[in-house]
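Subject: Structure handover

Hi,

Here is the structure I promised to pass on. Please load it before you read the rest.

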Amino acid sequence: MQSLYAFKGTESDDFKKDEKFLLHSLDSIHDLYISVLALLTEIHKKSIDYNQKRQKKLLGTDSDKNPNTKFQDNQLLHLISENQMLQGVIEKKKLNFWDLDFEYVDLLFKEIINSNLYSAYISETTTSFKEDKQFVLDVYTNIIAPNDKLYDYFEDKKLTWVDDLPVVNTLVVKLLKKLKLTSPETYLLPDVYKDEDDREFARDLMNKTLLNGSKYSQEISGKTTNWDSERLASIDGILLRMAICEFQKFPSIPHKVTLNEYLEIAKEYSTPKSSIFINGVLDKIVKEYKSNDLYPKSGRGLM
């Protein structure tokens, strides 16, 4: 979607540069994801360092001498910090910026320990992996992901990361939700592509959407009333053209899968009403295709 949004050429252009941009963008998303896990690692280290410094205070209170260690003992954070494969990738790709830019770690850590989430978490006398996981998810969703200064930092680090951040935040939350104590180290290192077919699909979808853009736009216009030309050039228009491309050019993908996929993307990237609008347009198109037996889907159980 980002590649199509950035495209400024015509349907007759050579798309080699755009393919390169697409593949680079996918790799960039993976790097951002790894750097976020590096941030969680550093926040965990900060919790350990924080308690150690409290214990060394000459005039420390009882709570300083015997600090609550639930945060530093958090089992999910330990899984991330002690994942040797993950830490190796962070080091190899030089994606731990937080040693130099430690002020962001300090800022987030202070916000965490001053939050109601933290107070409620350390006040619980019981400890479980489920509880530890929920705490990290709550902290990430409510404190880390929405932080404006962190958002600006990522934008300064790499401009495209601003667009990638919602995708990465969603990925982090989904993976952490399913993380188990018994999960292999590779679980936190998902591949950018499932396989070469997956990589080829991304390239094909972009190229075929660009090659047929005018035709798809005309089809969209015929299914809408009071169509705003500016909206056609917006993210809504891009998502609709991509969805129609999947309908027409990828017979193995069920209509329902395409519909659900682009509705979720619209909710994440576009306006509050976009998913309703896109659903209405695509629903009309699917019904027309089915009634006229156009672009049938192939394979067992496909609709």
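Below is what turned up, going from the whole chain to helix packing, salt bridges and aromatic rings.

First, the ground rules. This is a predicted model, where local features need pLDDT of at least 70, side-chain atom pairs count only at pLDDT 80 or more, and totals for chains, interfaces and linings use all residues. Residues are numbered from 1 along each chain as its sequence is written, and side-chain values use heavy atoms, with hydrogens and water left out.

**Whole chain**

The protein chain has 16 helices and 0 strands. Both are DSSP runs, numbered from the N terminus: helices are H or I with at least four residues, strands are E with at least two. Of the 303 residues, 44% count as buried. Buried means under 20% relative accessible area, exposed means over 50%, and partly exposed is in between (1.4 Å probe, protein chains only). Now the contacts, meaning heavy atoms within 4.5 Å. Among those between residues at least 6 apart in sequence, 77% join residues at least 24 apart.

**Helix packing**

Two packed helices are described by the angle between their axes and the distance between the axes. Helix α8 (residues 129-144) packs with helix α10 (residues 161-178) at about 170 degrees, and their axes are 10 Å apart. Axes here are lines fitted to C-alpha atoms, for helices over the stretch in contact; angles run from 0 to 180 degrees between N-to-C directions. α8 and α10 are therefore roughly antiparallel to each other. The cut-offs: under 35 degrees is roughly parallel, over 145 roughly antiparallel, 65 to 115 roughly perpendicular, and the rest oblique.

Which residues make the contact between α8 and α10? From α8 come Lys133, Val136, Leu137, Tyr140 and Thr141. From α10 come Asn169, Val172, Val173, Leu176, Lys177 and Lys178. By class, this contact has 6 nonpolar, 2 polar and 3 charged residues. Ala, Val, Leu, Ile, Met, Phe, Trp, Tyr, Cys and Pro count as nonpolar; Asp, Glu, Lys and Arg count as charged; the others, Gly among them, count as polar.

**Salt bridges**

The structure holds 10 salt bridges. Each is a side-chain nitrogen of Lys or Arg within 4 Å of a carboxyl oxygen of Asp or Glu. Three of interest follow.

- Lysine 45 and glutamate 42 meet at 3.3 Å, N to O. They are 3 residues apart in helix α2 (residues 16-55), so about one helical turn separates them. Lysine 45 is partly exposed at 44% relative accessibility. Glutamate 42 is buried at 10%.
- Arginine 203 and glutamate 200 meet at 3.8 Å, N to O. Both lie in helix α11 (residues 196-211), 3 residues apart, about one turn of the helix. Arginine 203 is partly exposed at 22%. Glutamate 200 is partly exposed at 33%.
- Aspartate 283 bridges to lysine 287, with the closest N and O atoms 3.2 Å apart. These two are 4 residues apart in helix α16 (residues 274-291), so about one helical turn lies between them. Aspartate 283 is partly exposed at 31%. Lysine 287 is exposed at 54%.

**Aromatic rings**

A pair of aromatic rings is described by the distance of the centres and the angle of the planes. A search of the whole structure finds 15 aromatic pairs. Rings of Phe, Tyr and Trp (its six-membered ring) pair if their centres lie within 6.5 Å; planes under 30 degrees apart are stacked, over 60 edge-to-face, and the rest tilted.

Tyrosine 50 and phenylalanine 109 form an edge-to-face pair, 5.2 Å centre to centre, with 65 degrees between the planes. The pair links distant parts of the chain: tyrosine 50 is in helix α2 and phenylalanine 109 in helix α6 (residues 102-113), 59 residues apart. Tyrosine 50 is partly exposed at 30%, and phenylalanine 109 is buried at 2%.

Phenylalanine 71 and phenylalanine 135 also pair edge-to-face, 5.6 Å centre to centre, with 85 degrees between the planes. Phenylalanine 71 sits in the loop between α3 (62-65) and α4 (75-81) and phenylalanine 135 in helix α8, so the pair ties together parts 64 residues apart in sequence. Phenylalanine 71 is buried at 4%. Phenylalanine 135 is buried at 4%.

Best wishes
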